[in-house]
Amino acid sequence: MLRVAIKGILARKLRLAFTALAVVIGVAFMTGTLVLTDTINRTFDDLFATVYKGTDAVVRATGQFDAPQGMGAQRGRVPAWLLAKVERVPGAAEAEGDVLGYARIVARDGRPLGNPAYGAPTLGGSWSTVARLNPFTLVAGRPPQGLHEMVIDRKSARDGHLQTGDVTTVLTEAPPQKMRITGIVRFGSTDSPGGATVALFTLPVAQRLVAQPGMFDTISVVADKGVPQDVLASHIAKVLPAGYEAATGAQVVKETQSDVRKAMSFFTTFMVAFAVIALVVGGFIIFNTFSMTVAQRAREHALGASNRQVLGSVLLEAAAVGLVASAVGLGLGVGVAIGLKGLLAALGLAVPAGGVAFLPRAAAVSLLAGVGITVVPACSPARKASKVPPVAAMRDIVTGSSGYGSKERVAVGTVITCAGTSALLTGLFSGVPDKLAVVGPGALLVFFGVSVLGRSVSLPLSRFIGWPLPRLRGTTGQLARQNATRNPKRTAASASALMVGTGLVAFITIFASSTKASIDTTIDKSFTGDYIVASGAGLMGGLGPSLAGRLNRLPEVEVATGTRAGLVKVQGSVRRVLGLDAPAAFRLLDLRPLAGRPADLGANSIAVLEDVAEQDHLRLGSQVHVVFKDTGPRALRVAMIYGESQPAGDYVLGMAAYRANFAAGYDNEIFVKKSPAVSNTRALDAVNEVAAGYPGAKVLDRASYKAEQAKPVDQVLSLVYTLLGLTIVIALLGIANTLALSIFERTREIGVMRAVGMTRGQLRSSVRWESVMIALQGTVLGLAVGTFFGWALVRASAKQGIEQFSLPVADLAVIVALAALAGMVAAVLPGRRAAKLDVLKAVVTD
Amino acid sequence: MALATPQSLTTSVLAAQTVEAVKVYGKGQAEACALNGISIGFAKGQFSAIMGPSGSGKSTLLHCLAGLDRLTSGKAYIGGTDLSNLDDRQLTLLRRDSIGFVFQAFNLVPTLTAKENILLPLLLASRSGDPAWIDHIVSTVGLAHRLSHRPDELSGGQQQRVAVARALASRPEVIFADEPTGNLDSRSGTQLLSFLRTAVDQLGQTIIMVTHDPVAASHADRAIFLNDGQVVDEIAQPTPRLVLDRMNDFGK
Ligand SMILES: Nc1ncnc2c1ncn2[C@@H]1O[C@H](COP(=O)(O)OP(=O)(O)O)[C@@H](O)[C@H]1O
Ligand SMILES: [Mg+2]
C-alpha cells in the first residue's frame with residue numbers, strides 16, 4: 001500500500017507540488033509566528049534577568065488594579081522619606097530611589113522621537129548611581145550631573161542623529177527643557193529596552209520632570225552578602241507603612257517578563273489568527289485537489305484494488321504530502337520569523353538582537369497543523385473514492401455532476417452556517433469573557449457552512465456572473481461559462497478558498513470604512529471648536545499643561561482647554577476616563593448634557609453616560625466607586641449625566657477630580673476655539689506660533705483632525721491587507737490547480753476544439769474567463785459573508801463609538817475588479833499548458 | 001497523376017495534394033518511416049478512400065494533409081496553400097475555415113449541444129454561417145429534432161452524424177474522415193456512408209476517407225492503396241469485390 005501511495009505521489013508531482021505549496025505557506029506562517037513569539041519571550045526573559053541581576057528587593061506602592069495588555073499592576077508612588085528607613089533595614093547593603101515616567105526626546109531635526117500612542121513607550125527616568133542597581137551601561141560619555149544634563153539610549157541617539165555634547169529638547173510635563181547629552185547608554189545587551197526611547201537625568205531632575213519632587217516610583221535595594229532576597233524583602237516589609245510592599249528582585253523580573261508576554265500576546269494572537277486562516281484556506285484546496293485526483297485514481301485502481309486499499313493509499317498520500325509540506329514550511333518559517341521581526345521593528349517595537357529560538361513546541365504545533373490540514377480534508381474524498389464505482393467516477397470526470405447538490409447537503413450547510421452565525425453573534429453581543437475564542441470559530445464555521453452551501457448556489461451564481469460573457473467574448477466566453485458551470489461542486493470548492501480571503505478583506509474594509517465614517521460623524525457632532533492640538537501620546541504623557549495656558553491667553557483665541565486621559569478601575573472594570581476642564585470644555589465639546597451642570601463637576605464628582613447610568617441605576621447624587629492608581633479607591637458622586645458617548649466614553653471627570661486623583665498632569669489634546677472677530681488664518685497662525693515651541697504638538701483643523709484620527713485605521717488596514725493577501729495568493733494557487741486538473745481531464749475536448757479551429761489565443765482566453773468566473777464566484781460569496789461580518793461587528797461596536805455602518809461601494813468594487821484580475825493571473829500557467837497541448841495526440845489517442 | 005504538373009494548373013482542380021511527402025517518426029535506431037515519399041492529388045468534388053494494411057501510413061497521411069501534423073520533408077497543399085509555410089495560428093485558422101474532420105472516435109465537445117457542436121468552427125470564427133445551408137445539412141443528416149441534445153444524450157451513429165454536419169457546416173475545401181464507421185454498427189455505418197456520398201454528389205464536397213472496410217471503400221469514387229508508406233495501387237469506381245481482391249493480393 002505504501003508503494004502504491006508513493007507511486008501515486010510521483011505520478012502527480014506537479015499537481016501535488018501546487019497543493020503542497022498551499023500547506024507550505026500556511027505552515028511557514030504558523031511556524032514563523034511561533035518562533036518569533038518564542039524568540040521574543042526568550043530574549044526579553046534573558047534581558048530582564050540580566051539587567052535586574054543586581055536588584056535584590058524592590059519597595060513599591062501596593063498595586064491598585066491590574067491593567068490589561070501587559071501594562072501590569074497600576075500603583076502609586078513611594079514617598080522619598082521611606083528610603084532612609086529601608087536603608088537601615090538589617091541585610092540591606094545599599095538602597096536607591098528610582099523614577100520612571102514619560103519623556104520625549106526631540107531629534108536633531110526637531111521632531112520628537114518615538115510614537116508613544118501606537119509603538120514602544122517614550123521614557124524618562126533617573127540615572128542610578130549604584131552600579132549594581134543600574135540596568136543601563138554607558139557606551140560613551142559620562143553620567144548626567146547638572147540640572148540640564150541627561151544620557152539617552154543608543155537607539156534614540158542613532159535614530160535622532162544625536163551625540164554626546166549635543167543640546168536638545170526634552171518634552172515632559174514641565175515646559176520643554178533644553179538638555180545637554182552627556183552620555184549614550186545601552187540596556188543590557190540591547191540598544192534600548194524593547195525599542196523605547198529613554199532619557200535619564202539625575203534623580204532630583206527626574207523627580208521634577210517626570211514624577212513629583214519628594215516621591216520615587218520605586219526603591220531598589222541591594223542585599224548584604226549572603227542575605228537571600230526573600231529574607232531581605234521580609235525584613236523590609238516590617239518597616240513599611242500600610243499601602244507599600246517589598247518584592248524580591250526575582251519576583252519583579254518575573255512580573256516584568258510576564259507583562260512583556262502579555263503586551264506581545266495581542267500581536268501573537270493576531271498573527272496566529274492569520275496563520276490559521278492561511279491553513280484553513282489551504283485545507284479547502286487540499287479538499288478540492290484530492291476530490292479531483294481520487295476520481296482519476298478510481299480509474300487507475302479499477303483493476304483489482306480493494307476499497308480499503310484505495311482509502312488507505314489516498315490517506316497515506318495525503319499524510320506524506322502534509323509531512324513534506326510541513327517540513328518545508330517549518331524551514332521557511334524561520335525566515336518568516338525574521339521577516340516578522342522586521343515588521344515589528346517597523347512598528348517601532350524592537351526585538352533585542354540574538355539568535356532565533358526554535359523550540360520543539362513550535363515544530364510540533366506546526367507539523368501537527370500541517371499534517372492535520374492535509375489529512376482531514378482528504379478524508380471525505382478518500383472515503384468517497386473507496387465507495388464510488390470507478391465507472392461512475394469516470395463519467396463524473398467527463399461530464400461533471402450538474403444540479404444543485406443533495407437535500408442533505410443543503411441541510412448540513414444551513415445548520416453549519418446557522419451555528420457559526422449564532423456563535424459569532426453571541427460572541428459579539430453578549431458578555432462572554434474571551435470574545436475572540438467564540439467569534440473566531442464562529443466566523444470559520446460560517447465560511448465553512450457557506451462553502452458547503454456554495455455548491456448549491458454555484459450553478460445559478462455562475463450563470464449570473466457569466467451572463468455577460470458570451471456577449472463580451474463570443475464563443476470563448478460561452479465556452480468559459482459552460483466550463484465553469486459544468487462541475488458546480490468543483491467550481492464552488494475552488495471559489496470557497498478565495499471566498500475566505502475576499503470575505504475577510506471585505507469585512508475589514510467595511511469595518512474600517514464604518515470606523516472612519518463614525519469618527520467623522522462624532523467629530524462633526526461633538527466638536528464645536530475650531531482647532532485641536534494633538535500630542536500624539538497614548539495613555540502616558542502628552543502635552544505639558546503650559547501650552548493650553550499659553551493658548552488661552554492669546555487674544556486670537558476665545559477658549560483653549562486641555563483634555564486628559566487616565567486609566568481607572570470603575571465599577572469593577574478597567575477603562576480610560578477623560579478629564580475635562582468642565583465649564584470651558586463644554587463650550588467646545590457637545591456631550592449632550594441631560595442632567596446636572598458642568599459647573600457641578602468638582603473634586604468629588606463624576607459625569608456618567610446616559611446608557612451606563614441607566615444600566616447601573618445611577619442618577620444625580622448616586623455614588624460611583626472608582627480606583628485610582630495614585631490615590632486608591634474613591635467614591636465619587638454623579639454630578640452630571642450626558643448623552644453623547646463620543647469622544648468622552650462612559651465616564652468624565654472634572655479637572656478638579658482629575659487633579660486630585662492623578663499624579664500626572666499632561667494634556668492629551670487641547671481644544672481651541674478662535675475669537676469670533678478674528679479670521680481663520682490669523683487665529684491659526686497665532687496658535688501655530690505658540691505650538692511651535694512644543695515639538696510633537698500638532699495643530700489640526702477639523703478636516704486634518706479627521707484625517708489624523710483615520711490614520712491608525714488605515715495603518716492597521718494595510719497591515720491586514722498584506723496578511724490577507726497571503727491567503728488570497730494561496731486561494732489563487734488553488735484556482736490554478738483546479739484549472740490545471742480540469743484541463744488535464746478535458747485534454748480530449750480541448751484537442752477537438754483546437755483541431756476544428758480554436759486558436760491558442762482563444763483557448764487561453766477561455767481558460768482565463770473560466771478562472772475569472774471562479775474567482776468572481778468566490779468574491780461574491782466572500783462579499784456577502786464579509787458584509788454580514790462587517791455589519792455585525794459595527795453593530796457590536798456601537799459602545800466603542802462605531803455607530804455608523806458605512807458600505808464602501810467603491811472599495812468593494814475595487815476588490816471585485818482585483819479578484820477578477822487575480823483570476824486572470826491564476827489562469828496564466830494553466831492556460832499556457834492548455835495551449836501547448838499536442839492536438840493530434842489529444843484527438844487520436846483514446 | 002503527373003508529378004511535375006505546375007501548381008497554377010493543379011490548384012484549380014485539386015483540393016489537396018502531397019509532393020514527395022516523407023514522415024519519419026523517432027530518431028536513430030528507433031527511426032520509423034511512416035510516409036515514404038508519397039505524391040498524390042485529390043480532385044475537387046471527389047470522394048477518395050485510402051486503404052491499406054494497419055501501419056501502412058494512412059492516418060499519418062491524413063494528419064499531415066489536414067494540418068494536424070507536419071511532414072519531415074516534401075510538401076502538402078490544401079488548395080493552393082503550402083502547409084509547411086504556415087505557423088500554428090495560420091494552420092489553426094486553415095483547419096477552421098478550409099478543413100472538416102470526422103474521426104473514428106466521436107469527437108464532440110461534451111458541454112455543447114448538437115447544434116453548438118455543428119456550428120463550433122463557425123462560432124470560433126465569429127461567423128454565423130449560411131442559415132439555409134446549415135438547415136439543409138441538419139435535415140440531410142436527419143438531426144433536426146436532436147439539435148438541443150448534448151452528445152451524451154445521442155447514439156453513436158447520431159454523434160458521428162453531428163461530426164459530419166460540423167465538418168460540412170463551413171463548406172470546407174476538404175473533409176477528412178479517419179475510419180468514420182469504425183465504431184458504428186453496420187446500419188449506422190451505411191447511413192453515414194450514404195450521407196457522405198450525398199455530400200459529394202449534391203453538395204459538391206471533397207472527401208478523403210481512410211477505411212479498412214471494402215464496403216465502405218465502395219462508396220468512394222476512387223480507392224488508393226498504401227503499403228509501407230507508399231502508394232502501391234489505385235482503383236477507380238471501386239466495388240467491394242474489386243477492393244477485396246486487391247487487399248487479398250497484398251496479403252500474400
Ligand atoms: N506518433 C508516432 N510515433 C512513432 N511512430 C508512429 C507514430 N504514429 C504512427 N507511427 C508509426 O508510423 C506508421 C504508420 O502509422 P499510421 O499512419 O497510424 O498507420 P495506419 O493508420 O495506416 O494504421 C506505423 O508503423 C506506426 O507505428
Ligand atoms: Mg490509422
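A salt bridge here is a side-chain nitrogen of Lys or Arg within 4 Å of a carboxyl oxygen of Asp or Glu. Select Asp88(B) and Arg754(A): they form one, with the closest N and O atoms 3.2 Å apart. The rule finds 2 salt bridges across the interface of chain B and chain A.

A quick note before moving on: residues are numbered from 1 along each chain as its sequence is written, and chains are lettered from A in the order in which they are written. This is a predicted model, where local features need pLDDT of at least 70 and side-chain atom pairs count only at pLDDT 80 or more, while totals for chains, interfaces and linings use all residues; side-chain values use heavy atoms, without hydrogens and water.

Now show the whole interface. Chain B and chain A each bring 25 residues to the contact (heavy atoms within 4.5 Å). Together they bury about 2,200 Å², 63% of it on carbon and sulfur atoms; buried area is the accessible area (1.4 Å probe) that two parts lose on being put together, summed over both. Click Asn107(B), Thr111(B) and Leu124(B): this trio supplies 25% of the area that chain B buries against chain A, more than any other three residues.

Next, jump to chain A and pick out an open sheet of 4 strands, in the order E5-E15-E1-E16 with antiparallel pairing. Strands are DSSP runs of E, at least two residues, numbered from the N terminus, and two of them pair if DSSP finds at least two bridges between them. The edges are E5 (92–98) and E16 (244–248) of chain A, each pairing on one side only. Last stop: Val58(A), which stands opposite Ser220(A) in E15(A).
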